[in-house]
Amino acid sequence: DFGFRLLPVMVPFDGDREALPPSLIDFEITSMVTEVLSDGAMLEREIVADSAYKQGILPVAVNDVFIATMWPTHFVCKALQRDQAAHFGRSHKLQYVIQDYEPAALFPWSELYLLAEQTYADIDDTIAIVATHSLHRYLVEQGHCYRSSYSFDPSGNTVALVAEIVEKSEVIIVYGRPGAPRNCFTLLIEALLRVTGEHPEVARRFRFISLGEAHPNYRLNHGAVLESGGFLSPDDYRSLLLSAAVGCFFVVSPHTGYVCLEMASHGLLTVSNSFRTKDVKALHPNIREPQAMNVDGVSNAIVEAVQDFWRDPGRGRRVALEHAALRQAEEIVTGFDFIGSLFREHYVFNSFGD
C-alpha cells in the first residue's frame, strides 16, 4: 500500500529497461523533470532516471520516508529531510542501511574517511539498520550509539537449494579483488603459491578460479594457474558454487561478508577469517578459519580443506543439507521481523488529503 521510489543518486541511470534486474522489472522509469504529474502524485513503483545529475526538482510528500544505503546517500537523504521539514513543518526520521564500517572499509584516512564517519553522528534523526549483528556490535564499540537501531543477519536469501548440489569436482574458488585491499588479494596469491609449491598433487589435480573482479591470470607452481573469472552472472555463479569443492574468502571487516556464507551453504569447504566482533566459524559449520592471517596460516587452512575433501568428497554437501534442514526446523525465515515495530514506534503519518 506504499509508493516506492529508487533514486540512483551516485551513478547516472540512462533509463534502459534491459539494464534492470528481474526484481525491478515492474518499476516505471521516470524523470525528475518531465514525468512529475501535475497534482504532485507519484507512481506506485518508480525509478527516477536522472536524479544522479543533481538537476530538476524531486517532489517530496508529507509522508515520505527516506532510506540511505551508502554514506553519500545519507547526505542526500538529510537534504530531503530538511526540505520536508521546511515545506510541511515536520519531517520523518530517515533510515540508514549500514552495510559495512565504511570509513575504514573503503578509504584510508582522508577527507572521504571524515565524510563517511560524519554520517554515523546523526544519532537522533536517523534510524540505523545494520547488516549483521557483528557489525552492529562494532559500531557500538566505536562509540556510534544511535537512539534507535536495528540489525539483521542474512537468512533465507543465502541458503542454497542444496538439493541441487551436484557431485563436487576438484575446483577451488577464491574471492580475488586486487582493487579492494580489505579482501587480502596479495596474501591470497602468496598462500596459493605456497600451496601449489609444497603440494604438487594439489597443483596438478585442482583448478583454481578467482571471482569478484577481473584481473590477469596468475601462474602458480607445478603448472597450476589462478584463472580470473571476473564478476559472473548470478546463474553462472550459482552453477560454479554448486559444483566446486573448496572456497576461500577473506574480508578485513566486522561485517560478515556474504560470499563465505554463500560458499558454505552451497556445500564448499570454506576458508574465511574472523575480525574483531565477527566470529566467522559461528556462521556455518562448513566454514573454518586459518590459525593466523599470514601465508603459513592461510596456506595450511587451504591444504586442510583439500585433504578433508579428498577424505570425504560428500562432506560439504551433507553438512549444507543438515544445516539447511536445521534452519528450516527453527523457522528462520527472515531477519527483518523488526520492520513492523520500527514503523509503529517511530512514524506517524498524515491521513491522505490532510
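Colleague: What should I know before I look?

Modeller: It's a predicted model, where local features need pLDDT of at least 70, side-chain atom pairs count only at pLDDT 80 or more, and totals for chains, interfaces and linings use all residues. Residues are numbered from 1 along each chain as its sequence is written, and side-chain values use heavy atoms, with hydrogens and water left out.

Colleague: How many aromatic pairs does a search of the whole structure find?

Modeller: It finds 15. Rings of Phe, Tyr and Trp (its six-membered ring) pair if their centres lie within 6.5 Å; planes under 30 degrees apart are stacked, over 60 edge-to-face, the rest tilted.

Colleague: Why is the pair of Trp109 and Tyr113 edge-to-face?

Modeller: Their planes are at 75 degrees, with the ring centres 6.4 Å apart, so the pair counts as edge-to-face.

Colleague: And is Trp109 buried or exposed?

Modeller: Trp109 is exposed, at 76% relative accessible area, while Tyr113 is buried at 15%. Buried means under 20%, exposed over 50%, partly exposed in between (1.4 Å probe, protein chains only).

Colleague: Which residues form an aromatic cluster?

Modeller: Phe2, Phe343, Tyr347 and Phe349 form one.

Colleague: Switching topic: what's the class make-up of the lining of the second largest pocket?

Modeller: The lining has 12 nonpolar, eight polar and five charged residues. Ala, Val, Leu, Ile, Met, Phe, Trp, Tyr, Cys and Pro count as nonpolar, Asp, Glu, Lys and Arg as charged, and the others, Gly among them, as polar.
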